[in-house]
Amino acid sequence: MTGRSGAAGAGPGYGTDAAADPYAPGSGNAGYRVAHYDLDLRYRVATNRLDGTATLTAVALDDLTRVTLDLAHLGVTRAAVDGVRVGKVRQSASKLSIPLPAPVPAGATFTLRIEYGGAPRPRRSTWGGVGWEELEDGALVAAQPTGAPTWFPCDDHPARRSTYDVRVATEPEYTVVGHGVPAGSRLTRGRREWRFVMEQPTATYLAAIVVARLETSAVDLAGVPGRIVSPRAIGHRVRSDFGALGAMMAAFVERFGPYPFPSYTVAITPDDLEIPLEAQAMAIFGANHADGAGSWERLIAHELAHQWFGNSVGLTTWRDIWLNEGFACYAEWLWSEASAGPSADTHARSHERRLRSLPQDLVLADPGAHDMFDDRVYKRGALALHALRLEIGDDLFFAVLRTWTGRFARTCATTAQFRAHAAGIAGRPLDALFDAWLERMPLPRLP
Ligand SMILES: [Zn+2]
């Protein structure tokens, strides 16, 4: 699959802005942008029942008479626009279509209030099941790239970023961890309601929660307030394996610039997970990633690095996924170097050898939807950064990283912008290097 189905969803009355990302043509909507999601959710673990009220504050880009939203597997019971009840909401497998009681002119702010519910579950995608997932005893959200509509109605697109206020009420024996800054919990009508506030712009795929039997420890991460939330039974393994998180934060702040969010939360689920997941100001690991032997330290570094690369500096399109994954992978090697492990150069040369034995049929700057999460994107992306470092030297290379995260903090960027940015800091064109690593298939050789 190439993921090039054009601008699906851009229809009459929706203006000319591209609704969808070319790699995810079924997601995303035209004609408006959501500035803020207020999610008031009730979840029952025992029955996997989710009910919610989503209140979206949006701005019209065009004159609107109708809006569409992404929502999968959950049913809408009632909707209102600016307080006026909507007559009939049309709903397909993955879209809502809401007629506006009165036309909304371009530039106007409007509020959509949507009551919905059902049994949330992952949705099928090119990349397997994504979105809401039940745990053995709890639940989590693994939304990247198109799973957000499995738990709230949204305009699901990597470059559409909003603020969030999320409340989740559930059985009191469970802890809810969410993306954003925890704002406490309270008992209400036999349930405990947990609240998270995220005031920095957040992509829909980076909104997430974990619901499980967990306990919370506060940790200081080089001055950044941190929390590690994990099952009591594996507390000793977690303390051991995540013990370096503060030093990791310090090493990354030195190399990447200030940590971009007010806090960092690590959630470790009681279940094993295939891969850890990044969310805004949060990362989610499986119990298997805390084996007590530090086997997964590189992934702890990888997920932390996403806070700069992917979460603060976001993607404009999925095509540029190497800006997230290449950088987070390179951060693994940088952490190794910073913590008296093998140097980034040693890692790079070993991965260069390995990549040379694999098919070289992928263009890093446009790998195609199907290969977006291919390990070759991650490793070649990291190698491209190492090649840049060897070309311009450490001082300029780290200046490129720090000013990149500064200039594009809390906004979206593209590969072209990175190339121009790096060349600007280096003070000379770098087209030969970037063309070879990013735009052509054959694997270049490191100098
Ligand atoms: Zn990653």
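Because the model is predicted, local features are reported at pLDDT of at least 70 and side-chain atom pairs only at pLDDT 80 or more, whereas totals for chains, interfaces and linings use all residues. Residues are numbered from 1 along each chain as its sequence is written, and side-chain values rest on heavy atoms, with hydrogens and water left out. Helices (H or I, at least four residues) and strands (E, at least two) are DSSP runs numbered from the N terminus. A residue is called buried under 20% relative accessible area, exposed over 50% and partly exposed in between, with a 1.4 Å probe and protein chains only.

**Zinc site**

- The zinc ion is coordinated by NE2 of His302, NE2 of His306 and OE of Glu325, at 2.0 to 2.1 Å, and the spacing of these donor residues in sequence is H-x3-H-x18-E.
- His302 belongs to helix α3 (residues 297–305) and Glu325 to helix α4 (residues 322–338), so this pair ties together parts that are 23 residues apart in sequence.
- Donors are N, O and S atoms within 2.8 Å of the metal (3.2 Å for Na, K and Ca), and since water is not among the atoms, sites may look incomplete.
- Helix α3 is mostly covered, with seven of its nine residues buried, among them Leu299, Ile300, Ala301 and His302.

- Strand β18 (residues 264–268) is mostly covered, as five of its five residues are buried.
- Tyr264, Val266 and Ile268 point one way from β18, while Thr265 and Ala267 point the other way; in a regular strand the side chains alternate between the two faces of the sheet.
- Strand β17 (residues 224–230) runs parallel to β18 and is joined to it by four bridges, where two strands count as paired if DSSP finds at least two bridges between them.
- Strand β20 (residues 282–285) is likewise parallel to β18, again through four bridges.

**A three-stranded open sheet**

- An open sheet of three strands has the order β3-β7-β6, with antiparallel pairing.
- Strands β3 (64–70) and β6 (90–91) stand at the edges with a single partner strand each, so one side of each is left without a neighbour in the sheet.
- Two bridges pair β6 with strand β7 (residues 95–104) in the antiparallel sense, and Ser97 in β7 is the bridge partner of Arg90.

**Aromatic pairs**

- The whole structure contains 27 aromatic pairs, counted when rings of Phe, Tyr and Trp (its six-membered ring) have centres within 6.5 Å, with planes under 30 degrees apart called stacked, over 60 edge-to-face and the rest tilted.
- The rings of Phe242 and Phe285 have centres 5.1 Å apart and planes at 80°, so the pair is edge-to-face.
- Phe242 lies in the loop between α1 (235–241) and α2 (245–256) and Phe285 in strand β20, so their contact ties together parts that are 43 residues apart in sequence; Phe242 and Phe285 are buried.
- Tyr330 and Trp333 also form an edge-to-face pair, with 5.8 Å centre to centre and 70° between the planes.
- Tyr330 and Trp333 are three residues apart in helix α4, a separation of about one helical turn, and both are buried.

**Cysteines**

- The structure holds zero disulfides, a disulfide being a pair of cysteine sulfur atoms within 2.5 Å.
- The sulfur of Cys412 is 15 Å from the closest cysteine sulfur, that of Cys154, which is too far for a bond.
- Cys412 is buried at a relative accessible area of 15%, and Cys329 is buried at 1%.

**Cavities**

- There are four cavities of 30 Å³ or more, a cavity being a set of points on a 1 Å grid over the protein atoms alone where a 1.4 Å probe fits but cannot get out.
- The largest cavity holds about 70 Å³ of space, where grid points are joined across faces, edges and corners and a volume is the space filled by probe spheres set on the points.
- Residues lining the largest cavity include Leu355, Leu358, Arg376, Arg380 and Leu443, lining residues being those with an atom within 4 Å of a point.

Notes:
1 Å grid on protein atoms, 1.4 Å probe; cavity = no way out; pocket = protein on both sides within 12 Å on 5 of 7 lines; lining within 4 Å.
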